[in-house]
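Take a look at the structure below. This report walks through it one topic at a time.

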Amino acid sequence: MKRIFLGVTGASGAAYAARALAALTDAGCDVGLCVSHAGAHVISHELQGGGRMRPADPDAVVARFVADHASGAGSVTVLGLDDMAAPFASGSSLAPAALICPCSGATLGHIASGAAQNLIHRCADVMLKERRTLVLMTRETPLNLIHIDNMATVTRAGAVVMPAAPGFYNLPASVDDLVDFMVGKALDHLGVAHRLLARWGSEDEA
Ligand SMILES: Cc1cc2nc3c(=O)[nH]c(=O)nc-3n(C[C@H](O)[C@H](O)[C@H](O)COP(=O)(O)O)c2cc1C
């Protein structure tokens, strides 16, 4: 069973995180899930009808997120944001890949500077130092020079920066199709099989 770290931060696009959790567990992955405080806020607002205020009980938001979206043959372990003793915080744990989805400009900045202040930053740091796969599905627009410089820095360090910018060449019919496109691209980089997107020039439909 492939171990994957899924970090969810406070950028808009909680639907991407939901689809990623569903697809990873569908594929039988053992997912270590860590949600930042702002990530729980955005999940509550965008997926759970929680409104604009910060959720009173972020743990309940995360528990509902897992219940609503994890499926299939995989498993999910919810990791505390401050749990620097989690296996994913150490290079000696052999988790091969991490996806931060969506990835805020703030978390991108922490990763680019090496200032790991929570488990999401630390796991990203570990993936880079161990030369493993780190995919950052960033979401901000427009970008300032700090974002662009930080993207260049993490790319030089080995990360894959994947802005949430779905293509339209597969003629999407719904928002779900756009979400699937992005998550499919991320899973390709994580080495996880899926049927979320049609392959250009292939008869193999999604
Ligand atoms: C509803 C909502 C949407 C947000 N969308 C974005 C976004 O798309 N991109 C971004 O970089 N920050 C966004 N933010 C701001 C981040 O949540 C904020 O910078 C936070 O400190 C990020 O912390 P984190 O990276 O630990 O999750 C949003 C905040 C809220 C409340």
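Where does Leu171 lie? Leu171 sits in the loop between strand E6 (160-161) and helix H7 (175-190). Keep in mind that this is a predicted model. Leu171 is not a glycine, yet its phi is positive, at about 55 degrees. Leu171 counts as exposed because its relative accessible area is 71%, and exposed means over 50%.

Arg131 is another residue to look at. Its phi is near 60 degrees, a positive value in a residue other than glycine. Arg131 belongs to the loop between H5 and E5. With a relative accessible area of 70%, Arg131 is exposed. Why point these angles out? Most residues other than glycine have a negative phi.

## Two cis peptide bonds

Now turn to the peptide bonds. Most peptide bonds are trans. The bond from Cys101 to Pro102 is cis, and its omega is near -10 degrees. Pro102 is part of strand E4.

Thr141 and Pro142 are also joined by a cis peptide bond, with omega about -10 degrees. Find Pro142 in the loop between strand E5 (133-138) and H6.

## Around the ligand

Which residues come nearest to the ligand? They are Gly10, Ser36, Ser104, Thr107 and Arg139, out of 14 residues around the ligand. The shell consists of 4 nonpolar, 8 polar and 2 charged residues.

A polar side-chain atom of Ser36 is 2.6 Å from a ligand oxygen. For Ser104, a polar side-chain atom is 2.5 Å from a ligand oxygen. Gly105 uses its backbone: an N or O atom there lies 2.7 Å from an oxygen of the ligand. Taken alone, the ligand exposes 640 Å², and the protein buries 65% of that. Two elements give two or more residues each to the shell: helix H2 (37-47) and helix H4 (105-113).

## A closer look at Ser104

Is Ser104 buried or exposed? Ser104 counts as buried because its relative accessibility is 11%, and buried means under 20%. Ser104 lies in the loop between strand E4 (97-103) and H4.

One of its polar atoms is 2.9 Å from the backbone nitrogen of Thr107. Recall that Ser104 also places a polar side-chain atom 2.5 Å from an oxygen of the ligand.

## Charged pairs

How many salt bridges does the structure hold? There are 8. Side chains of opposite charge can pair when their charged atoms come close.

Start with Arg122 and Asp125. Their side chains meet in a salt bridge, with 3.6 Å from N to O. The two residues are 3 apart in helix H5 (residues 119-129), so about one helical turn separates them. Arg122 is partly exposed at 25% relative accessibility. Asp125 is also partly exposed, at 24%.

Next come Lys129 and Glu130, whose side chains form a salt bridge of 2.7 Å, N to O. Lys129 is partly exposed, with a relative accessible area of 42%. Glu130 is partly exposed at 30%. Arg139 pairs with Glu140, and their closest N and O atoms are 3.5 Å apart. Arg139 is partly exposed at 30%, and Glu140 is partly exposed at 38%. Remember that Arg139 is also among the residues that come nearest to the ligand. Finally, a network of salt bridges links Arg19, Asp176 and Asp180.

## Inside and outside

Leu21 is in helix H1 (residues 14-26). Leu21 counts as buried because its relative accessibility is 0%. Leu21 and Val76 are 55 residues apart along the chain, and 8.7 Å separates their C-alpha atoms.

Leu145 belongs to helix H6 (residues 145-156). Leu145 counts as exposed because its relative accessibility is 59%.

Technical notes: Residues numbered from 1 in each chain as written. Predicted model: local features only at pLDDT ≥ 70, side-chain atom pairs only at ≥ 80, totals over all residues. Heavy atoms only, no water. Helix = DSSP H or I, 4+ residues; strand = E, 2+ residues; numbered from the N terminus. Buried < 20%, exposed > 50% of the residue type's maximum accessible area, 1.4 Å probe, protein only. Near = heavy atom within 4 Å. Polar contact = N/O pair within 3.5 Å; in protein donor to acceptor, adjacent residues only side chain to side chain. Areas by Shrake-Rupley, 256 points an atom, 1.4 Å probe, with all protein chains shown as cover. Nonpolar A, V, L, I, M, F, W, Y, C, P; charged D, E, K, R; others polar. Salt bridge = Lys/Arg side-chain N within 4 Å of Asp/Glu carboxyl O.
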